[in-house]
Amino acid sequence: AMRECFRLKKVPENGDWYSASNYVAKRYISSVSNSVYLDDVRLQMEAKLWAEAFNKQNPPKKVDVFQMSVIEVLHKAPGSPPPNCETKRRTSVTMLNAPSNCSATTPTSQFYHIERYMDGEYRKYNSNSGFVD
């Protein structure tokens with residue numbers, strides 16, 4: 001399933017944006033149940049356990065699987081200002097470059113997968129839909 005990706009910064013308690021952690025937030029383009037997000041995290045963490053078991057065999061190259069979490073972004077929290085599609089801030093989570101299809105009819109919340117942003121060049125070797133490089 002295709003997903004949209006967004007840059008996310010988690011503001012530290014001191015409010016210093018320069019030391020804020022960088023993350024990637026992903027959501028499914030088509031509508032899916034929130035349980036799908038939670039199942040994806042369980043599956044990824046199971047893959048991480050398998051990777052750790054593999055690495056204990058001292059292979060020539062070790063593997064790792066990203067830690068992934070789920071967050072729920074509230075579009076209209078009690079007492080919050082109307083949503084702004086350019087920047088959404090709820091407590092310590094700010095979504096930047098939100099999609100342009102925001103409207104007053106959006107759901108009250110949206111689940112996202114989040115993982116730490118890794119700087120550098122990225123090469124995708126395969127996909128769940130059968131792509132292999």
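Q: Which elements each supply at least two residues of the lining of the largest pocket?
A: In this predicted model, the elements that do so are β1 (3–10), β2 (21–28), α1 (34–55) and β6 (109–116). Of these, α1 gives the largest share of the lining, with four residues.

Q: How do the residues of the lining divide into nonpolar, polar and charged?
A: The lining of the largest pocket has 14 nonpolar residues, seven polar and 10 charged. Tyr counts as nonpolar, while Lys and Arg count as charged.

Q: Why is Leu 38 called partly exposed?
A: Partly exposed is the range between the buried cut-off of under 20% and the exposed cut-off of over 50%. Leu 38 has a relative accessible area of 38%, so Leu 38 is partly exposed. Leu 38 sits in helix α1.

Q: Why is Asn 58 called exposed?
A: A residue is exposed when its relative accessible area is over 50%. Asn 58 has 62%, and therefore counts as exposed. Asn 58 lies in the loop between α1 and β3 (69–74).

Q: What phi does Asn 58 have?
A: The phi of Asn 58 is positive, at about 55°, although Asn 58 is not a glycine.

Q: How do you know that Ala 1 counts as exposed?
A: The cut-off for exposed is over 50%. Ala 1 has 87% relative accessibility, so Ala 1 counts as exposed. Ala 1 belongs to the segment before β1. The C-alpha atoms of Ala 1 and Val 32 are 9.9 Å apart in space, while the two residues are 31 apart in sequence.

Q: Why does Met 118 count as exposed?
A: Exposed requires a value over 50%. Met 118 has 53% relative accessibility, so Met 118 counts as exposed. Met 118 is in the segment after β6. Along the chain, Met 118 and Asn 22 are 96 residues apart, and their C-alpha atoms are separated by 8.4 Å.

Q: How many helices and strands does the protein chain have, and in what order do the elements run?
A: The protein chain has one helix and six strands. Read from the N terminus on, the order is β-β-α-β-β-β-β.

Q: What percentage of the residues of the protein chain count as buried?
A: Buried means under 20% relative accessible area. By that cut-off, 29% of the 133 residues of the protein chain are buried. The accessible surface of the protein chain is about 10,000 Å², with 54% of that area belonging to carbon and sulfur atoms.

Q: What share of the contacts with a separation of 6 or more comes from residues 24 or more positions apart?
A: In the protein chain, that share is 55%.

Q: Where in the protein chain is confidence lowest, and where is it highest?
A: The lowest mean is 43, in strand β4 (residues 87–90), and the highest is 95, in α1. The average pLDDT of the protein chain is 80, and 77% of the residues score at least 70.

Q: Why should some predicted coordinates not be read in detail?
A: Low pLDDT is the reason. Over residues 82–105, pLDDT stays under 50. For those residues, the model has 49 contacts beyond four places in sequence.

Definitions and conventions. Residues numbered from 1 in each chain as written. Predicted model: local features only at pLDDT ≥ 70, side-chain atom pairs only at ≥ 80, totals over all residues. Heavy atoms only, no water. Buried < 20%, exposed > 50% of the residue type's maximum accessible area, 1.4 Å probe, protein only. Contact = heavy atoms within 4.5 Å. Areas by Shrake-Rupley, 256 points an atom, 1.4 Å probe, with all protein chains shown as cover. pLDDT = per-residue confidence, 0-100.
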